[in-house]
Amino acid sequence: MAIIHSVHADTMTSVACPYFMPTARFEAIGWPHRARLPLGDGWQGHCTAPGHESLVPGPEELANFCNLGYARGCPHLPQERVWDAVRFSIARDKENLVTILYVCERDYRPGQHGTLEYDCSLARWCTAHPDPRIQKMAACYLECYLLRREKPALEPAT
Ligand code: SF4
């Protein structure tokens with residue numbers, strides 16, 4: 001059974017594993033409150049942890065670790081690591097510019113953080129994260145946010 005972190009709002013959710021590279025929505029698992037998942041929905045993808053770069057996590061790993069961060073139960077999580085998790089939230093949405101705040105955490109404490117900006121009118125990022133995993137997770141989070149913004153009825157408020 002999937003472990004779902006308790007969260008209270010769409011704008012600041014729980015976290016995802018920093019080694020996760022999401023590639024597509026993961027519809028197979030029926031998470032409750034999917035919009036509150038760290039990346040705005042459940043995602044499938046692959047692992048980028050050293051020594052496990054070609055690993056495609058199975059449904060249990062995706063449900064319990066990759067999408068949720070603090071994956072100490074995951075056997076692929078490196079013992080030596082800079083971050084345990086990364087979280088995203090919408091910092092600003094105005095005049096076609098969406099600003100996403102990201103926070104990388106270690107031992108439940110915030111570390112590296114910053115903002116990434118997306119121009120909706122140009123459909124491109126104005127600023128991007130140098131780590132392709134963080135950037136891809138931000139893109140996934142943004143995709144879900146924009147979808148809900150356009151079609152809020154898809155995810156009823158709870
Ligand atoms: S939770 Fe484990 S399998 Fe998933 S991305 Fe992180 S280290 Fe890889």
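A85 finds its bridge partner in strand β4, namely E105. This pairing belongs to a predicted model, in which local features need pLDDT of at least 70 and side-chain atom pairs count only at pLDDT 80 or more, while totals for chains, interfaces and linings use all residues. Residues are numbered from 1 along each chain as its sequence is written. Helices (H or I, at least four residues) and strands (E, at least two) are DSSP runs, numbered from the N terminus; two strands count as paired if DSSP finds at least two bridges between them.

Strand β3 (residues 85–94) and strand β4 (residues 97–106) run antiparallel and are joined by 9 bridges. The hairpin that they form has 2 residues between the strands, and E95 there adopts a positive phi near 50°. Strand β4 also pairs with strand β5 (residues 109–119), in the antiparallel sense and over 9 bridges. Within this second pairing, V98 has Y118 of β5 as its bridge partner.

These pairings are part of an open sheet of 4 strands, ordered β3-β4-β5-β6 with antiparallel pairing. Its edge strands are β3 and β6 (124–125), each of which pairs on one side only. Strands of a sheet pair through backbone hydrogen bonds, either parallel or antiparallel.

Confidence is expressed as pLDDT, the predictor's confidence in each residue, from 0 to 100. The protein has a mean pLDDT of 86, and 87% of its residues reach 70 or more. Over residues 1–13, however, the pLDDT is below 50; this stretch has 22 contacts in the model beyond near neighbours in sequence, a contact being two residues whose C-beta atoms, placed from the backbone, lie within 7 Å.
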